[in-house]
Amino acid sequence: MTDVPDVLRRISGYITSHVLQRLLGLPSPRTRALRAPSRITVPASDGRSIEADLWAPNTAPGPLPTLLVATPYGRGPLFEALLARPYAERGFQVVLARLANTLEAGKPGFGSPQRDRDDVLAVVDWILRQSWFDGSLALTGPSYLGYVQWTVAEALPAEVKALVPQVTSSRLPRSLRGPGTIDLDSVLRWSLLFDALHRHGPLRSVLRLASARLGKGLGAIPVKEADRQAVGRQLPLFRMFVEHDGNDPFWEQWDFSERVGHVTVPVSLVAAWYDLFLADQLRDYERLRAAGRRPRLTVGPGTHLGLNTLAAGVRETLAWAGAHCGHSRSDEGAPVRLYVMGGGGWRSFAQWPPAGTVCRSWYLHEGNRLAPERPRGQERVDSFAFDPARPTPAVGGARFLRGAGRRDNQFLEGRSDVLTYTSAPLPEDLEIIGEVTADIWVQASQPETNLFVRLCDRGPAGSRNVCDALTRVRLEGTAPTNLVRSGFRLVPPPTCSGVGTGCVCRCQAELIPVSHGPADVRRYSPTLQRSGRRATRFSMTTADRRHSYCPSVRSRTTRLPPTSPPLDDHDLPAVQ
């Protein structure tokens, strides 16, 4: 008698396999015939049972390496298609485990990361004791699924041969909450998605998220009411962020960055230029390098959980984990592969930042000019006023889901609460690869405010964002203060004996790292390239809608006081 459900499962799996191969650009599978997932339970250290699914080919020529994917988001066709099937069809057994913080466990919010760490270690120990385990195990996954790899990375046994954390950070939740700042757009979207998944499942949650009054939530004053404004109730995950400032010791339990240097398992990091965790992920890479490890780094043109980013993660897992778990096909990829935005394509390097990078300084001048020449003498200051009832909109950049990436900023730059400085048409192609910093002198009418800065590429197609940064500016106290997650700091100028409201202060901000090339010019016409009609544009404002609420504030920006010391020439990295 025909098993109708089994036949339907095989047909749907066959269709899904072909669609995924085409969408993700995957190599041909070894087989498309998979066993029905085996539901298994793993005993946790505290007596609970951890639920998991085991995926494997229907017929295997021999023992296969195992891939562990640990998720807090539960199970479902969408997750299984992206997190299990591509690997099971291409030479792995896959254990898809649900963590203690899984949606079905209760409220749609996170508990202690220690429970996730304990659960992952329990699943690893269980896998090592199974008769079908061949001695090689790897971990992979994007976003929070990559973060849980960092929670256990330094404690993994020798049988774990590879890690592939994707678009993530070793301190993922903490990176969204700085002292006095919050990545409001990302936190609110994540909280809404988590709540919708908990209540409605993976597919319906997409529709529920789309119908949420996100704009009303982002405009809420105070910010802590954003969840109520968006969906009419409090969201547990959102409450965790708004109730704990970035300096709160609460976040220490979520931060595993100090342990990265102790990791000995081979690591391949997959990142994206417009991912909100890019800066942190590059710091994780640098920590591994400083500890004498040999990590691999891939930075693509996508966004957080965009199709290109997910595809890069799957392909890199197959290559990196396959090579380290004993697949016959070795992986000889470059240590660092970067996609140069602006049409420059993929490039291979030996390290990040690339060797041969030289740093150039560009200065803000009166008349809204940006130029490589240092200002001479005293120039007038520029000022703007920020109104929280009319917040500056968020346009593109590194965001959680929708709206991320390169966008035209011209309408934003035309607002009265945004200062914009533009260079003359560039006489030759300019390629920027590496770290970008902004060094601004600021005076404000409030004791605290936020400063958002952005570098754009201005051309015939508009003014498109390249990289940006947000910092909290505190105009009280005299000691230098570490302000924001990616290295922002406020330094009193030498002419100021005490830092207070109305005093001019120097604000240094590290923008999101960038790889942006000149080939974008060639997409228009050779004439435009020769005539040099492309320019660099720098803009700043007090805050934008996606980041945080800021009180009504008037800011004055001085470009460079004549008594200031020479600036370090590390503002704009260019490859020779």
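Predicted model: local features only at pLDDT ≥ 70, side-chain atom pairs only at ≥ 80, totals over all residues.
Residues are numbered from 1 along each chain as its sequence is written, and side-chain values use heavy atoms, with hydrogens and water left out.

Let's start on the outside. Val4, Val7, Leu8, Ile11, Tyr14, Ile15, Val19, Leu23 and Leu307 make up a nonpolar surface patch, and together they have about 830 Å² of accessible area. A patch here takes residues with over 30% relative accessible area and no salt bridge, joining like charges within 9 Å and nonpolar side chains (Val, Leu, Ile, Met, Phe, Trp, Tyr) within 5 Å. A salt bridge, in turn, means a side-chain nitrogen of Lys or Arg within 4 Å of a carboxyl oxygen of Asp or Glu. Areas come from the Shrake-Rupley method with a 1.4 Å probe, and for residues only the protein chains shown count as cover. Helix α1 (residues 4-24) supplies the largest share of the patch, 8 residues. Helices (H or I, at least four residues) and strands (E, at least two) are DSSP runs, numbered from the N terminus. An α-helix has 3.6 residues a turn, so residues three or four places apart point the same way. Ile11 is one of the residues in α1, and its 45% relative accessibility makes it partly exposed. The classes are buried under 20% relative accessible area, exposed over 50%, and partly exposed in between (1.4 Å probe, protein chains only).

Now for the inside. Strands β5 (residues 137-142) and β6 run parallel and are joined by 6 bridges; strands count as paired if DSSP finds at least two bridges between them. Pro142 sits opposite Gln166 in β6. Strand β6 (residues 160-166) has 6 of its 7 residues buried. As for α5, 9 of its 9 residues are buried, so the rest of the structure largely encloses this helix. Among them are Tyr144, Tyr147 and Trp150.

Val260 is buried, at 0% relative accessible area. Its C-alpha atom is 8.8 Å from that of Tyr285, 25 residues apart along the chain.

What about disulfides? A search of the whole structure finds 0 of them, taking a disulfide as a pair of cysteine sulfur atoms within 2.5 Å. For Cys456, the closest cysteine sulfur is in Cys467 at 8.7 Å, too far for a bond. Cys456 is buried at 2% relative accessible area, and Cys325 is buried at 5%.

Finally, the backbone. Most residues other than glycine have a negative phi, and most peptide bonds are trans. The bond from Ile221 to Pro222 is cis, with omega near 0°, and the one from Trp352 to Pro353 is cis with omega near -10°. Val167 has a positive phi near 35° and is buried at 1% relative accessibility. Asn368 has a positive phi of about 60°, but at 35% it is partly exposed.
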